[in-house]
Amino acid sequence: MKRTSWLVVACAALLVAAGAAAEDVAGLPLHVQKLDPTAVRVWIGDHISSTATVAIATGKGIVVVDTLGNPRIDAQLRKVIARELGRSDFAMLIITHEHGDHTGGNAVYADCPIVGHELVAAGMAAQGGDREEVLAWHDRRVGEIKAELAKEPAGSPKAARMKEELALDRVGREALTSDAKKVPPTKTFADRLTLDMGDTTFELTYIGGMHSASDIAVLVPEHGLLLTGDTMADRWLTDTPGCLASFMARGGVQHDFPLWLDNWGRLLARKDQIKRLVPGHWNGELSIQGAEARVSYVRTLWDGISEAVAAGKSMDEVMVAYRLETRFPELAKSPGFSERNNFMTVSELWSVITKQESAAGKLYELIAQGAGEEAIRQVVAERGAKQPKYYFLEVELNAQAYRFLQEEKVKEATALFRVNVELFPASWNVYDSLGEALLKAGDVPGAVGMYEKSVELNPNNQNGKDALARIRTAPHATT
Ligand SMILES: [Zn+2]
(Lines give C-alpha, C1' and ligand atoms only; values in the text may rest on other atoms or scores of the structure.)
Protein backbone atom coordinates (compact mmCIF):
# COMPACT_ATOMS: atom_id res chain seq x y z
CA MET A 1 0.00 0.00 0.00
CA LYS A 2 2.70 2.39 1.04
CA ARG A 3 4.72 1.46 -2.01
CA THR A 4 1.77 2.15 -4.33
CA SER A 5 1.14 5.61 -2.97
CA TRP A 6 4.82 6.45 -3.24
CA LEU A 7 4.71 5.41 -6.89
CA VAL A 8 1.64 7.54 -7.50
CA VAL A 9 3.40 10.54 -5.96
CA ALA A 10 6.49 9.86 -8.09
CA CYS A 11 4.43 9.62 -11.28
CA ALA A 12 2.53 12.79 -10.45
CA ALA A 13 5.84 14.57 -9.90
CA LEU A 14 7.07 13.35 -13.27
CA LEU A 15 3.92 14.58 -14.95
CA VAL A 16 4.35 17.99 -13.38
CA ALA A 17 7.97 18.04 -14.52
CA ALA A 18 6.95 17.10 -18.08
CA GLY A 19 4.20 19.73 -18.01
CA ALA A 20 6.59 22.41 -16.84
CA ALA A 21 9.05 21.58 -19.59
CA ALA A 22 6.35 21.26 -22.24
CA GLU A 23 6.97 23.31 -25.31
CA ASP A 24 4.44 24.01 -28.03
CA VAL A 25 4.86 24.11 -31.78
CA ALA A 26 1.87 25.65 -33.59
CA GLY A 27 -0.23 25.09 -30.47
CA LEU A 28 0.68 21.41 -30.27
CA PRO A 29 2.92 19.80 -27.64
CA LEU A 30 6.44 19.10 -28.85
CA HIS A 31 8.11 15.74 -28.20
CA VAL A 32 11.80 15.04 -28.42
CA GLN A 33 13.04 11.48 -28.12
CA LYS A 34 16.77 10.75 -27.88
CA LEU A 35 17.39 7.60 -29.90
CA ASP A 36 21.06 7.69 -28.85
CA PRO A 37 23.58 10.45 -28.02
CA THR A 38 23.70 11.75 -31.61
CA ALA A 39 20.26 10.84 -32.95
CA VAL A 40 16.91 12.44 -32.08
CA ARG A 41 13.32 11.93 -33.12
CA VAL A 42 10.92 14.88 -32.92
CA TRP A 43 7.17 15.17 -33.39
CA ILE A 44 4.16 17.14 -32.19
CA GLY A 45 0.93 16.09 -30.55
CA ASP A 46 -0.11 13.60 -27.88
CA HIS A 47 -3.02 12.13 -29.84
CA ILE A 48 -2.83 12.81 -33.57
CA SER A 49 -0.69 10.51 -35.67
CA SER A 50 1.87 13.02 -36.86
CA THR A 51 5.05 12.14 -38.74
CA ALA A 52 8.15 11.74 -36.57
CA THR A 53 11.27 13.36 -38.00
CA VAL A 54 14.58 11.64 -37.26
CA ALA A 55 17.83 13.63 -37.25
CA ILE A 56 21.32 12.17 -36.94
CA ALA A 57 24.53 14.16 -36.40
CA THR A 58 27.27 12.81 -38.70
CA GLY A 59 30.86 13.67 -39.60
CA LYS A 60 29.52 15.54 -42.61
CA GLY A 61 26.63 17.37 -40.96
CA ILE A 62 23.09 16.66 -39.80
CA VAL A 63 21.04 14.21 -41.81
CA VAL A 64 17.26 14.54 -41.41
CA VAL A 65 14.79 11.82 -42.39
CA ASP A 66 11.27 13.02 -43.30
CA THR A 67 9.49 16.27 -42.53
CA LEU A 68 6.26 16.67 -40.62
CA GLY A 69 4.63 17.97 -43.76
CA ASN A 70 4.07 21.62 -42.95
CA PRO A 71 6.68 24.33 -43.66
CA ARG A 72 5.72 26.41 -40.63
CA ILE A 73 6.01 23.49 -38.24
CA ASP A 74 9.10 22.05 -39.92
CA ALA A 75 10.90 25.40 -39.71
CA GLN A 76 10.41 25.29 -35.95
CA LEU A 77 11.36 21.63 -35.71
CA ARG A 78 14.57 22.40 -37.59
CA LYS A 79 15.48 24.82 -34.79
CA VAL A 80 14.59 22.22 -32.16
CA ILE A 81 16.82 19.64 -33.89
CA ALA A 82 19.71 22.10 -34.03
CA ARG A 83 19.30 22.86 -30.34
CA GLU A 84 19.06 19.19 -29.34
CA LEU A 85 22.08 18.15 -31.38
CA GLY A 86 24.04 21.29 -30.44
CA ARG A 87 24.85 22.20 -34.06
CA SER A 88 23.14 23.53 -37.14
CA ASP A 89 25.13 22.14 -40.06
CA PHE A 90 22.18 20.55 -41.86
CA ALA A 91 23.62 18.50 -44.71
CA MET A 92 20.83 16.36 -46.15
CA LEU A 93 17.14 15.50 -46.07
CA ILE A 94 16.06 11.94 -46.90
CA ILE A 95 12.40 11.29 -47.71
CA THR A 96 10.94 7.83 -46.99
CA HIS A 97 8.07 8.23 -49.49
CA GLU A 98 5.94 10.62 -51.52
CA HIS A 99 3.04 11.36 -49.14
CA GLY A 100 2.46 14.98 -48.19
CA ASP A 101 2.75 14.35 -44.46
CA HIS A 102 6.40 13.42 -45.11
CA THR A 103 7.33 15.71 -48.00
CA GLY A 104 5.23 18.83 -47.28
CA GLY A 105 8.04 20.48 -45.29
CA ASN A 106 10.77 19.83 -47.88
CA ALA A 107 11.02 23.57 -48.64
CA VAL A 108 12.50 24.08 -45.16
CA TYR A 109 15.51 21.97 -46.23
CA ALA A 110 15.81 23.36 -49.75
CA ASP A 111 19.37 24.46 -48.85
CA CYS A 112 20.39 20.76 -48.63
CA PRO A 113 20.31 17.92 -51.11
CA ILE A 114 16.94 16.15 -50.78
CA VAL A 115 17.20 12.42 -51.39
CA GLY A 116 14.37 10.06 -52.25
CA HIS A 117 13.24 7.35 -54.62
CA GLU A 118 12.86 8.27 -58.29
CA LEU A 119 9.06 7.84 -58.06
CA VAL A 120 8.64 10.41 -55.26
CA ALA A 121 8.33 13.43 -57.58
CA ALA A 122 5.53 11.85 -59.67
CA GLY A 123 3.76 10.74 -56.49
CA MET A 124 3.98 14.26 -55.04
CA ALA A 125 2.70 15.81 -58.26
CA ALA A 126 -0.28 13.45 -58.33
CA GLN A 127 -1.38 14.49 -54.83
CA GLY A 128 -3.41 17.47 -53.90
CA GLY A 129 -5.59 17.93 -56.95
CA ASP A 130 -7.57 21.09 -57.46
CA ARG A 131 -6.72 23.61 -54.73
CA GLU A 132 -10.23 25.03 -54.45
CA GLU A 133 -11.68 21.55 -54.06
CA VAL A 134 -9.07 20.60 -51.47
CA LEU A 135 -9.80 23.77 -49.51
CA ALA A 136 -13.54 23.14 -49.65
CA TRP A 137 -12.98 19.57 -48.44
CA HIS A 138 -10.69 20.89 -45.72
CA ASP A 139 -13.25 23.41 -44.48
CA ARG A 140 -16.02 20.81 -44.50
CA ARG A 141 -13.80 18.50 -42.46
CA VAL A 142 -13.01 21.26 -39.95
CA GLY A 143 -16.74 21.96 -39.64
CA GLU A 144 -17.41 18.27 -38.96
CA ILE A 145 -14.71 18.06 -36.29
CA LYS A 146 -16.00 21.21 -34.60
CA ALA A 147 -19.55 19.84 -34.56
CA GLU A 148 -18.32 16.54 -33.13
CA LEU A 149 -16.15 18.30 -30.60
CA ALA A 150 -19.13 20.28 -29.35
CA LYS A 151 -20.84 17.00 -28.47
CA GLU A 152 -17.85 15.53 -26.64
CA PRO A 153 -17.42 15.98 -22.88
CA ALA A 154 -14.62 18.51 -22.35
CA GLY A 155 -11.38 16.86 -21.31
CA SER A 156 -12.18 13.44 -22.81
CA PRO A 157 -9.35 11.81 -24.82
CA LYS A 158 -11.48 12.12 -27.96
CA ALA A 159 -11.98 15.84 -27.37
CA ALA A 160 -8.23 16.26 -26.82
CA ARG A 161 -7.53 14.46 -30.11
CA MET A 162 -10.03 16.58 -32.02
CA LYS A 163 -8.52 19.78 -30.60
CA GLU A 164 -5.14 18.65 -31.89
CA GLU A 165 -6.65 17.85 -35.28
CA LEU A 166 -8.11 21.35 -35.45
CA ALA A 167 -4.77 22.93 -34.50
CA LEU A 168 -3.01 20.94 -37.21
CA ASP A 169 -5.75 21.72 -39.72
CA ARG A 170 -5.30 25.43 -39.03
CA VAL A 171 -1.64 25.37 -40.04
CA GLY A 172 -2.50 22.92 -42.82
CA ARG A 173 -4.94 25.45 -44.26
CA GLU A 174 -2.31 28.17 -44.06
CA ALA A 175 0.06 26.00 -46.08
CA LEU A 176 -2.67 25.27 -48.63
CA THR A 177 -3.47 28.93 -49.17
CA SER A 178 0.13 30.08 -49.25
CA ASP A 179 2.01 29.79 -52.50
CA ALA A 180 4.53 27.37 -51.05
CA LYS A 181 5.83 25.14 -53.80
CA LYS A 182 6.20 21.40 -53.57
CA VAL A 183 9.90 20.59 -53.43
CA PRO A 184 10.70 17.17 -54.93
CA PRO A 185 13.96 15.29 -54.20
CA THR A 186 17.06 16.67 -55.89
CA LYS A 187 18.93 13.35 -55.75
CA THR A 188 17.07 10.17 -56.65
CA PHE A 189 17.78 6.47 -57.03
CA ALA A 190 16.04 3.34 -58.29
CA ASP A 191 17.11 0.30 -56.27
CA ARG A 192 19.74 1.06 -53.66
CA LEU A 193 21.86 4.02 -52.67
CA THR A 194 24.60 4.23 -50.05
CA LEU A 195 25.45 7.66 -48.67
CA ASP A 196 28.79 8.07 -46.96
CA MET A 197 28.50 10.77 -44.33
CA GLY A 198 31.99 10.35 -42.88
CA ASP A 199 31.48 8.38 -39.68
CA THR A 200 27.93 7.35 -40.61
CA THR A 201 26.47 5.41 -43.52
CA PHE A 202 22.92 5.66 -44.81
CA GLU A 203 21.88 2.63 -46.83
CA LEU A 204 18.71 3.42 -48.76
CA THR A 205 16.75 0.44 -50.07
CA TYR A 206 13.78 0.64 -52.35
CA ILE A 207 10.75 -1.15 -50.89
CA GLY A 208 8.02 -0.09 -53.31
CA GLY A 209 4.36 -1.03 -53.11
CA MET A 210 1.90 -1.79 -50.32
CA HIS A 211 1.96 1.69 -48.73
CA SER A 212 3.12 3.81 -51.68
CA ALA A 213 5.03 3.30 -54.92
CA SER A 214 8.06 5.20 -53.64
CA ASP A 215 8.61 3.64 -50.18
CA ILE A 216 12.19 3.20 -49.08
CA ALA A 217 13.82 1.98 -45.87
CA VAL A 218 16.90 3.66 -44.43
CA LEU A 219 19.44 1.51 -42.62
CA VAL A 220 22.00 3.32 -40.48
CA PRO A 221 24.29 0.48 -39.33
CA GLU A 222 26.51 2.62 -37.05
CA HIS A 223 23.40 3.48 -35.01
CA GLY A 224 21.68 0.10 -35.44
CA LEU A 225 18.63 1.92 -36.81
CA LEU A 226 16.29 0.87 -39.59
CA LEU A 227 13.85 3.65 -40.51
CA THR A 228 10.84 2.05 -42.18
CA GLY A 229 8.59 5.00 -43.11
CA ASP A 230 4.91 4.08 -43.22
CA THR A 231 5.41 0.57 -44.55
CA MET A 232 4.20 -1.28 -41.45
CA ALA A 233 3.81 -1.34 -37.66
CA ASP A 234 3.00 -4.17 -35.28
CA ARG A 235 2.10 -2.11 -32.25
CA TRP A 236 -0.02 1.02 -32.05
CA LEU A 237 0.46 3.47 -29.21
CA THR A 238 -2.88 5.21 -29.81
CA ASP A 239 -6.22 4.07 -31.19
CA THR A 240 -5.82 6.37 -34.20
CA PRO A 241 -2.75 5.03 -35.99
CA GLY A 242 -3.33 7.17 -39.10
CA CYS A 243 -0.97 6.24 -41.90
CA LEU A 244 0.13 3.08 -40.10
CA ALA A 245 -3.47 1.85 -39.85
CA SER A 246 -3.48 -0.50 -42.79
CA PHE A 247 -1.03 -3.06 -44.00
CA MET A 248 -2.43 -3.81 -47.43
CA ALA A 249 -1.88 -3.47 -51.14
CA ARG A 250 -3.54 -0.15 -51.85
CA GLY A 251 -5.50 0.42 -55.01
CA GLY A 252 -3.77 2.72 -57.47
CA VAL A 253 -0.30 1.83 -56.20
CA GLN A 254 1.86 -0.06 -58.66
CA HIS A 255 2.99 -3.40 -57.27
CA ASP A 256 5.97 -5.58 -58.04
CA PHE A 257 5.52 -8.20 -55.33
CA PRO A 258 8.60 -10.35 -56.13
CA LEU A 259 10.73 -7.19 -55.91
CA TRP A 260 9.01 -6.12 -52.67
CA LEU A 261 9.70 -9.56 -51.18
CA ASP A 262 13.29 -9.52 -52.38
CA ASN A 263 13.91 -6.04 -50.96
CA TRP A 264 12.46 -6.86 -47.56
CA GLY A 265 14.34 -10.19 -47.59
CA ARG A 266 17.65 -8.36 -48.08
CA LEU A 267 16.89 -5.93 -45.28
CA LEU A 268 15.75 -8.50 -42.75
CA ALA A 269 18.79 -10.64 -43.55
CA ARG A 270 20.73 -7.82 -41.86
CA LYS A 271 18.75 -8.09 -38.64
CA ASP A 272 21.88 -8.69 -36.56
CA GLN A 273 22.87 -5.10 -37.36
CA ILE A 274 19.46 -3.68 -36.44
CA LYS A 275 18.87 -2.68 -32.84
CA ARG A 276 15.73 -0.75 -33.49
CA LEU A 277 13.12 -0.33 -36.21
CA VAL A 278 11.69 3.19 -36.40
CA PRO A 279 8.35 3.74 -38.18
CA GLY A 280 7.58 7.09 -39.81
CA HIS A 281 4.86 8.12 -37.36
CA TRP A 282 5.43 8.43 -33.61
CA ASN A 283 2.45 6.33 -32.55
CA GLY A 284 3.48 3.05 -34.12
CA GLU A 285 6.22 0.59 -33.30
CA LEU A 286 7.67 -2.26 -35.29
CA SER A 287 9.60 -5.32 -34.14
CA ILE A 288 11.76 -7.59 -36.28
CA GLN A 289 9.28 -10.41 -35.65
CA GLY A 290 6.41 -8.14 -36.73
CA ALA A 291 8.21 -7.25 -39.95
CA GLU A 292 9.07 -10.91 -40.61
CA ALA A 293 5.45 -11.98 -40.05
CA ARG A 294 4.22 -9.37 -42.54
CA VAL A 295 6.77 -10.32 -45.18
CA SER A 296 5.92 -13.99 -44.69
CA TYR A 297 2.21 -13.16 -45.11
CA VAL A 298 2.84 -11.51 -48.49
CA ARG A 299 5.11 -14.42 -49.50
CA THR A 300 2.40 -16.97 -48.65
CA LEU A 301 -0.15 -15.01 -50.68
CA TRP A 302 2.15 -14.50 -53.66
CA ASP A 303 3.22 -18.15 -53.86
CA GLY A 304 -0.24 -19.54 -53.10
CA ILE A 305 -2.20 -17.33 -55.49
CA SER A 306 0.37 -17.86 -58.27
CA GLU A 307 -0.08 -21.63 -57.87
CA ALA A 308 -3.87 -21.33 -57.71
CA VAL A 309 -3.97 -19.28 -60.92
CA ALA A 310 -1.69 -21.80 -62.66
CA ALA A 311 -4.03 -24.58 -61.52
CA GLY A 312 -7.02 -22.76 -63.07
CA LYS A 313 -8.69 -21.87 -59.76
CA SER A 314 -11.28 -19.10 -59.73
CA MET A 315 -10.95 -15.82 -57.88
CA ASP A 316 -13.81 -16.78 -55.58
CA GLU A 317 -11.97 -19.97 -54.62
CA VAL A 318 -8.83 -17.95 -53.90
CA MET A 319 -10.80 -15.48 -51.77
CA VAL A 320 -12.16 -18.32 -49.67
CA ALA A 321 -8.77 -20.05 -49.37
CA TYR A 322 -7.00 -16.89 -48.17
CA ARG A 323 -9.43 -15.43 -45.67
CA LEU A 324 -7.56 -13.75 -42.85
CA GLU A 325 -9.50 -15.38 -40.03
CA THR A 326 -8.95 -18.93 -41.26
CA ARG A 327 -5.67 -18.79 -43.16
CA PHE A 328 -3.74 -16.30 -41.00
CA PRO A 329 -5.43 -16.50 -37.59
CA GLU A 330 -2.27 -15.30 -35.83
CA LEU A 331 -2.41 -12.04 -37.82
CA ALA A 332 -6.16 -11.48 -37.63
CA LYS A 333 -5.88 -9.19 -34.61
CA SER A 334 -2.46 -7.78 -35.40
CA PRO A 335 -2.18 -4.03 -36.17
CA GLY A 336 -2.81 -3.15 -39.79
CA PHE A 337 -4.77 -6.31 -40.60
CA SER A 338 -8.48 -6.66 -41.17
CA GLU A 339 -10.62 -8.88 -43.36
CA ARG A 340 -11.13 -5.85 -45.64
CA ASN A 341 -7.41 -5.05 -45.89
CA ASN A 342 -6.66 -8.71 -46.59
CA PHE A 343 -9.36 -8.73 -49.24
CA MET A 344 -7.79 -5.69 -50.94
CA THR A 345 -4.37 -7.33 -50.88
CA VAL A 346 -5.64 -10.64 -52.28
CA SER A 347 -7.54 -8.79 -55.07
CA GLU A 348 -4.43 -6.80 -55.98
CA LEU A 349 -2.27 -9.92 -56.04
CA TRP A 350 -4.86 -11.65 -58.22
CA SER A 351 -4.88 -8.66 -60.55
CA VAL A 352 -1.08 -8.55 -60.81
CA ILE A 353 -0.76 -12.31 -61.39
CA THR A 354 -3.62 -12.68 -63.91
CA LYS A 355 -3.16 -9.19 -65.43
CA GLN A 356 -6.92 -8.81 -65.04
CA GLU A 357 -8.24 -5.40 -64.12
CA SER A 358 -10.94 -4.83 -61.56
CA ALA A 359 -14.33 -4.64 -63.31
CA ALA A 360 -15.61 -2.64 -60.35
CA GLY A 361 -12.91 -0.03 -60.79
CA LYS A 362 -13.47 0.15 -64.55
CA LEU A 363 -17.25 0.42 -64.23
CA TYR A 364 -16.93 3.11 -61.58
CA GLU A 365 -14.68 5.08 -63.90
CA LEU A 366 -17.00 4.62 -66.91
CA ILE A 367 -20.18 5.55 -65.06
CA ALA A 368 -18.47 8.55 -63.42
CA GLN A 369 -17.49 9.77 -66.89
CA GLY A 370 -21.07 9.39 -68.06
CA ALA A 371 -20.19 6.59 -70.51
CA GLY A 372 -23.08 5.08 -72.44
CA GLU A 373 -24.69 1.68 -72.03
CA GLU A 374 -22.53 0.18 -74.77
CA ALA A 375 -19.27 0.81 -72.90
CA ILE A 376 -20.75 -0.76 -69.77
CA ARG A 377 -21.96 -3.78 -71.76
CA GLN A 378 -18.45 -4.32 -73.12
CA VAL A 379 -17.10 -4.70 -69.60
CA VAL A 380 -19.96 -6.91 -68.43
CA ALA A 381 -19.51 -9.17 -71.48
CA GLU A 382 -15.99 -10.02 -70.30
CA ARG A 383 -17.47 -12.05 -67.47
CA GLY A 384 -17.93 -15.09 -69.67
CA ALA A 385 -14.81 -14.56 -71.79
CA LYS A 386 -12.17 -17.28 -72.06
CA GLN A 387 -9.39 -14.94 -71.03
CA PRO A 388 -11.29 -12.14 -69.35
CA LYS A 389 -9.79 -8.69 -69.24
CA TYR A 390 -11.51 -8.03 -65.92
CA TYR A 391 -12.23 -9.82 -62.69
CA PHE A 392 -15.65 -9.45 -61.10
CA LEU A 393 -16.18 -9.33 -57.37
CA GLU A 394 -19.59 -8.70 -55.93
CA VAL A 395 -18.31 -6.95 -52.78
CA GLU A 396 -16.00 -4.75 -54.77
CA LEU A 397 -18.76 -3.71 -57.18
CA ASN A 398 -20.99 -2.96 -54.23
CA ALA A 399 -18.25 -0.95 -52.53
CA GLN A 400 -17.72 1.18 -55.65
CA ALA A 401 -21.46 1.78 -55.95
CA TYR A 402 -21.54 2.89 -52.30
CA ARG A 403 -18.71 5.25 -53.15
CA PHE A 404 -21.11 6.97 -55.57
CA LEU A 405 -23.76 7.08 -52.84
CA GLN A 406 -21.30 8.72 -50.45
CA GLU A 407 -20.54 11.27 -53.14
CA GLU A 408 -24.29 11.92 -53.36
CA LYS A 409 -24.32 10.58 -56.93
CA VAL A 410 -27.50 8.54 -56.58
CA LYS A 411 -28.10 8.03 -60.30
CA GLU A 412 -24.60 6.66 -60.83
CA ALA A 413 -24.87 4.48 -57.71
CA THR A 414 -28.15 3.00 -58.92
CA ALA A 415 -26.63 2.21 -62.32
CA LEU A 416 -23.72 0.33 -60.74
CA PHE A 417 -25.93 -1.52 -58.22
CA ARG A 418 -28.08 -2.63 -61.16
CA VAL A 419 -25.03 -4.10 -62.91
CA ASN A 420 -24.19 -5.97 -59.70
CA VAL A 421 -27.73 -7.41 -59.52
CA GLU A 422 -27.40 -8.54 -63.11
CA LEU A 423 -24.00 -10.15 -62.46
CA PHE A 424 -24.87 -11.76 -59.12
CA PRO A 425 -28.61 -12.49 -59.28
CA ALA A 426 -28.45 -15.08 -56.50
CA SER A 427 -27.02 -12.67 -53.94
CA TRP A 428 -29.56 -11.24 -51.48
CA ASN A 429 -27.16 -8.46 -50.56
CA VAL A 430 -27.04 -6.85 -54.01
CA TYR A 431 -30.86 -6.45 -54.05
CA ASP A 432 -30.75 -4.93 -50.59
CA SER A 433 -28.15 -2.37 -51.71
CA LEU A 434 -30.04 -1.51 -54.90
CA GLY A 435 -33.16 -1.07 -52.76
CA GLU A 436 -31.30 1.46 -50.63
CA ALA A 437 -30.18 3.46 -53.68
CA LEU A 438 -33.66 3.41 -55.25
CA LEU A 439 -35.15 4.66 -52.01
CA LYS A 440 -32.67 7.51 -52.02
CA ALA A 441 -33.61 8.23 -55.63
CA GLY A 442 -37.25 8.48 -54.57
CA ASP A 443 -38.34 5.32 -56.40
CA VAL A 444 -40.30 3.77 -53.52
CA PRO A 445 -42.03 0.97 -55.52
CA GLY A 446 -38.69 0.03 -57.07
CA ALA A 447 -37.04 -0.06 -53.63
CA VAL A 448 -39.83 -2.21 -52.21
CA GLY A 449 -39.41 -4.69 -55.08
CA MET A 450 -35.68 -5.01 -54.39
CA TYR A 451 -36.04 -5.34 -50.63
CA GLU A 452 -38.75 -7.98 -51.12
CA LYS A 453 -36.51 -9.97 -53.46
CA SER A 454 -33.64 -9.69 -50.99
CA VAL A 455 -35.75 -10.92 -48.06
CA GLU A 456 -37.11 -13.73 -50.23
CA LEU A 457 -33.54 -14.91 -50.91
CA ASN A 458 -32.48 -14.40 -47.31
CA PRO A 459 -35.33 -14.39 -44.78
CA ASN A 460 -32.77 -13.41 -42.12
CA ASN A 461 -31.98 -10.11 -43.82
CA GLN A 462 -33.04 -7.90 -40.94
CA ASN A 463 -31.92 -4.72 -42.67
CA GLY A 464 -34.25 -5.49 -45.59
CA LYS A 465 -37.16 -6.34 -43.30
CA ASP A 466 -36.64 -3.16 -41.28
CA ALA A 467 -36.49 -1.08 -44.46
CA LEU A 468 -39.75 -2.59 -45.71
CA ALA A 469 -41.42 -1.96 -42.35
CA ARG A 470 -40.23 1.65 -42.35
CA ILE A 471 -41.50 2.22 -45.90
CA ARG A 472 -44.88 0.68 -45.12
CA THR A 473 -45.43 2.66 -41.93
CA ALA A 474 -44.18 5.93 -43.38
CA PRO A 475 -46.78 8.68 -43.83
CA HIS A 476 -48.33 8.60 -47.31
CA ALA A 477 -47.06 5.06 -47.84
CA THR A 478 -48.53 3.81 -51.07
CA THR A 479 -47.15 0.27 -51.13
ZN1 LIG B 1 2.39 7.66 -45.98
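The accessible surface of the protein chain comes to about 23,000 Å². Carbon and sulfur atoms hold 54% of that surface. Such areas come from the Shrake-Rupley method with a 1.4 Å probe, and for residues only the protein chains shown count as cover. This is a predicted model, where local features need pLDDT of at least 70, side-chain atom pairs count only at pLDDT 80 or more, and totals for chains, interfaces and linings use all residues. Residues are numbered from 1 along each chain as its sequence is written, and side-chain values use heavy atoms, with hydrogens and water left out.

Now the fold as a whole. The protein chain has 18 helices and 17 strands. Both are DSSP runs numbered from the N terminus: helices are H or I with at least four residues, strands are E with at least two. The radius of gyration is 26 Å, close to the 23 Å of the globule rule for 479 residues, so the protein chain is as compact as a globular protein of that length. That radius is taken over C-alpha atoms, and the rule is 2.2 Å times the number of residues to the power 0.38. Along the principal axes, the C-alpha atoms fill a box of roughly 75 × 55 × 55 Å.

Next, the interior. Of the 479 residues, 48% are buried (buried means under 20% relative accessible area, exposed over 50%, partly exposed in between, with a 1.4 Å probe and protein chains only). Among contacts with a separation of 6 or more, 63% join residues 24 or more positions apart. A contact means heavy atoms within 4.5 Å.

The chain is divided into domains, with bounds from an automatic or database domain assignment. Domain 1 covers 23-127 + 182-286, domain 2 covers 131-177, domain 3 covers 294-354 and domain 4 covers 357-473. The C-alpha centres of domain 2 and domain 4 lie 34 Å apart.

S347 sits in helix α11, residues 339-354. With 3% relative accessibility, S347 counts as buried. Not counting residues up to four places away in sequence, S347 touches M315, M319, Y391, L393 and E396.

I207 lies in the loop between β10 (201-206) and β11 (216-220). Its relative accessibility is 1%, so I207 counts as buried. Leaving aside neighbours within four places in sequence, the contacts of I207 include D215, T231, W260 and W264. D191 is 16 residues from I207 along the chain, and their C-alpha atoms are separated by 8.5 Å.
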